[in-house]
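Here is a briefing on one protein structure.

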Amino acid sequence: MSPPRGYDPKPPPGMPAGGKRAPKFSGPATTLTYKIQTAIVAELRQGSTKRMAAALAGTTEARLQNWLRRGREAIESGKRSRYTEFVVEVERAQAEFQKSRVKDALDSISDKTMDGRGARWFLAVTAPKDFTIPREPATPAGNGHGPLFEVITPDEARAKLDEKLATFIAKHLKAQAARDVPPEPALEDGDGD
């Protein structure tokens, strides 16, 4: 059986046995270093998502978002730190990649041999506020007579049903009474015929 991970039976000379913790072998990086920052920015510049860039740099998306949040808070308070520089670099990298996709889409307009649908789709998905046409509101259904249905409470539904039932019964009784009225006897002329 092999010794546990990180266990060295012979400590280096000058170090007390058990005086140093075993090195950590796994887990995401939690500190924003220059190496991690440049790796994330390089991946974003090539079009990776934040999640992919974080994973390739050896950290998590949650940690990346935390660093970006800290940088934005520092920018709002007027401070300058590694996190503010990180926010600026991340946004610049994303803008550079987006600009290259815009260039591809524009080139595909003038060059008919290129298919720019992929670039336009990517822009529409990643920045919908900037690269999609807002949809017009749908025309009301029901042939212009208002909506086909409306949301009401159960009490409102009961009141409307009672009202419609009362109207129906009144009309029905009026029609029934008109049918049941006996015909008036014909007036006789004085001829006796």
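The protein has 7 helices and 0 strands; helices (H or I, at least four residues) and strands (E, at least two) are DSSP runs, numbered from the N terminus. Along the sequence the pattern reads α-α-α-α-α-α-α. The model is predicted: local features need pLDDT of at least 70, side-chain atom pairs count only at pLDDT 80 or more, and totals for chains, interfaces and linings use all residues. Residues are numbered from 1 along each chain as its sequence is written, and side-chain values use heavy atoms, with hydrogens and water left out.

**Overall figures**

- Of the 193 residues in the protein, 16% are buried (under 20% relative accessible area; exposed is over 50%, partly exposed in between; 1.4 Å probe, protein chains only).
- Take the contacts between residues at least 6 apart in sequence: 42% of them join residues at least 24 apart. Contact means heavy atoms within 4.5 Å.

**Helix α1 against α2**

- Helix α1 spans residues 34-45 and helix α2 residues 50-57; they pack at about 140°, with axes 9 Å apart. Axes are lines fitted to C-alpha atoms, for helices over the stretch in contact, and angles run from 0 to 180 degrees between N-to-C directions.
- α1 and α2 are therefore oblique to each other. Angles under 35 degrees count as roughly parallel, over 145 as roughly antiparallel, 65 to 115 as roughly perpendicular and the rest as oblique.
- On the α1 side, Ile36, Ala39, Ile40, Glu43 and Leu44 make the contact; on the α2 side, Lys50, Ala53, Ala54, Leu56 and Ala57 do.
- By class, the residues of this contact are 8 nonpolar, no polar and 2 charged. Ala, Val, Leu, Ile, Met, Phe, Trp, Tyr, Cys and Pro count as nonpolar, Asp, Glu, Lys and Arg as charged, and the others, Gly among them, as polar.

**Helix α1 against α4**

- Helix α4 covers residues 82-110; its axis and that of α1 come within 8 Å and cross at roughly 20°.
- α1 and α4 are therefore roughly parallel to each other.
- This crossing, α1 past α4, is right-handed.
- α1 contributes Tyr34, Gln37, Ile40, Val41, Leu44 and Arg45 to the contact, and residues of α4 in it include Phe86, Val90, Ala93 and Phe97.
- The contact of α1 with α4 has 8 nonpolar, 2 polar and 5 charged residues.

**Helix α2 against α3**

- The axes of α2 and α3 come within 8 Å, crossing at roughly 105°.
- α2 and α3 are therefore roughly perpendicular to each other.
- Lys50, Arg51 and Ala54 of α2 meet Glu61, Leu64, Gln65, Leu68 and Arg72 of α3.
- The classes here are 3 nonpolar, 1 polar and 4 charged.

**Two loop residues**

- Ser48 sits in the loop between α1 and α2. Ser48 is buried, at 14% relative accessible area.
- Neighbours within four places in sequence aside, Ser48 is in contact with Glu43 and Ala53.
- Thr59 lies in the loop between α2 and α3 (61-76). Its relative accessibility is 7%, so Thr59 counts as buried.
- With neighbours within four places in sequence left aside, Thr59 is in contact with Pro28, Ala29, Ile40, Ala54 and Trp67.

Notes
Left-handed = near helix turned anticlockwise from the far one by under 90°.
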